[in-house]
Amino acid sequence: MKKLELLAPAGDLEKLKIAVLYGADAVYLGGRQFSLRAGAGNFDDNEMLEGIKFAHSRNVKVYVAINIYAHNPDLEKLPSYLEFLARAGVDAVIASDPGVIDMTLRLQPGLPIHLSTQANTTNWASAAFWQRLGLQRVVLARELSLAEIKEIGARVDVELEAFVHGAMCMSYSGRCLLSNFLTGRDANRGDCAQSCRWRYYLVEEKRPGQYFPVEEDSRGTYFMSSKDLCLLDYIPQLAAAGVTSFKIEGRMKSIHYLATVVKTYRQALDCYLKNPAAYTVKPEWMDEITKVSHREYTTGFLLGDQGRTATVEPGQSSYTRRASFVGLVLGQDEATGRLVVEQRNNFKVGEELEALTPTGDNRQVKVQAIFDGETGEPMDVAPHPQQILQLSVDHPLPPMAMLRRIQ
């Protein structure tokens, strides 16, 4: 069996470390330029060097996105950036623009290239073309069915990567001009305003200020906000079809979202690799991924459903979640023996919280006491975001564990 990779997003340095600690085999990230997620924190040069060192010390690979569709001025700084990435030791770059790919092949021939999903590879001939050009991996378009992926896998000898979880774009392979038209922000150069997620109303010319809802029923009208992808059930089928890299979307998601989803898919992949024939989705995995903020889950186009029910979310562009992230464990104070926690949401003495840990089962903990991290003064409630606290709890917790309130 080919080695399977769990690939996680890293929107900034903190998220990179969370993804690594919670089980990713590789992470993908963007620098301050050339990346299609300008709204993510992204990495300056020093942060990228630190992130690569942290990941490589734990045998985790780092892929850097240079996947914008470049205009002429964008190319001026590309040669020096490619040189920096090569010297930094990144394991691959992710690109979609033929000009960017050509410059990378010519200027840094030793730097592996993964073809971005933005290039919308939907057939084996395209995958074979990129293979002949020298690319190491093709990130498949999300619009493919399982049967189409299987045929591509059978006819090419290039690595295949596929998205298995996260938000989906309503545009073909993510190429959209809606944000440009409505806000002037170019989605194809990394600055999408996510206009498809807004709530829209109808206004008639002679009735200014009078808003009519855009309604839906069994016959229409379906608007633009898509469901979220979840392919936990289909790991065996994807592996059999030739996919070796299982990709999670979400460079702009929270660390709680990232930790929860990465750990769940880590457990799923490990179970599959241990005994492929006996693989089945455990109820606790599905329960876990409903705790993070998400839209209704779907299999997208994987089962060949090209209709709107596969991707479009009926009703409002709404998220649901079953847990609130309230604190990140930083470590343990040597003098007091208490947990050192960075507060992320309100909680109080006496509360029963759930702890998500990098490995092992979730734990139930009771907050027995709260102390100000600077003064040591006791507190009844933790009201200030990112305040450093010390907690007395009934069970010890490892660094980077996450405290959350189940709703």
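Colleague: What makes Lys291 count as buried?

Modeller: Lys291 has a relative accessibility of 4%. Buried means under 20% relative accessible area, exposed means over 50%, and partly exposed lies in between (1.4 Å probe, protein chains only). Since 4% is under 20%, Lys291 is classed as buried. This is a predicted model, in which local features need pLDDT of at least 70 and side-chain atom pairs count only at pLDDT 80 or more, while totals for chains, interfaces and linings use all residues. Residues are numbered from 1 along each chain as its sequence is written, and side-chain values use heavy atoms, with hydrogens and water left out.

Colleague: Why is the pairing of Asp287 with Lys291 called a salt bridge?

Modeller: The term requires a side-chain nitrogen of Lys or Arg within 4 Å of a carboxyl oxygen of Asp or Glu. The closest N and O atoms of Asp287 and Lys291 are 3.8 Å apart, so the pair meets the definition. Asp287 itself has a relative accessible area of 34% and is therefore partly exposed.

Colleague: What makes the pair Glu354 and Arg404 a link between separate parts of the sequence?

Modeller: Their side chains form a salt bridge at 2.8 Å, N to O. Glu354 belongs to strand 16 (residues 352–356) and Arg404 to strand 21 (residues 402–406), so the bridge ties together parts 50 residues apart in sequence. Strands (E, at least two residues) and helices (H or I, at least four) are DSSP runs, numbered from the N terminus. Both Glu354 and Arg404 are buried. Through shared partners, salt bridges join Asp287, Glu288, Lys291, Arg322, Glu354 and Arg404 into one network.

Colleague: Which parts does the salt bridge of Arg266 and Asp25 tie together?

Modeller: The two side chains meet at 2.9 Å, N to O. Arg266 lies in helix 9 (residues 255–274), whereas Asp25 lies in the loop between helix 1 (13–21) and strand 2 (26–30), so parts 241 residues apart in sequence are tied together. Arg266 is buried, at 14% relative accessible area.

Colleague: How do you know how the buried residues of helix 4 are arranged around its axis?

Modeller: In helix 4 (residues 98–107), the buried residues are Val100, Ile101, Met103 and Thr104. Viewed down the helix axis, they fall within an arc of 165 degrees, so they line one face; the arc is taken from the directions from the axis to the C-beta atoms. Pro98 and Arg106, on the other side of helix 4, are exposed.
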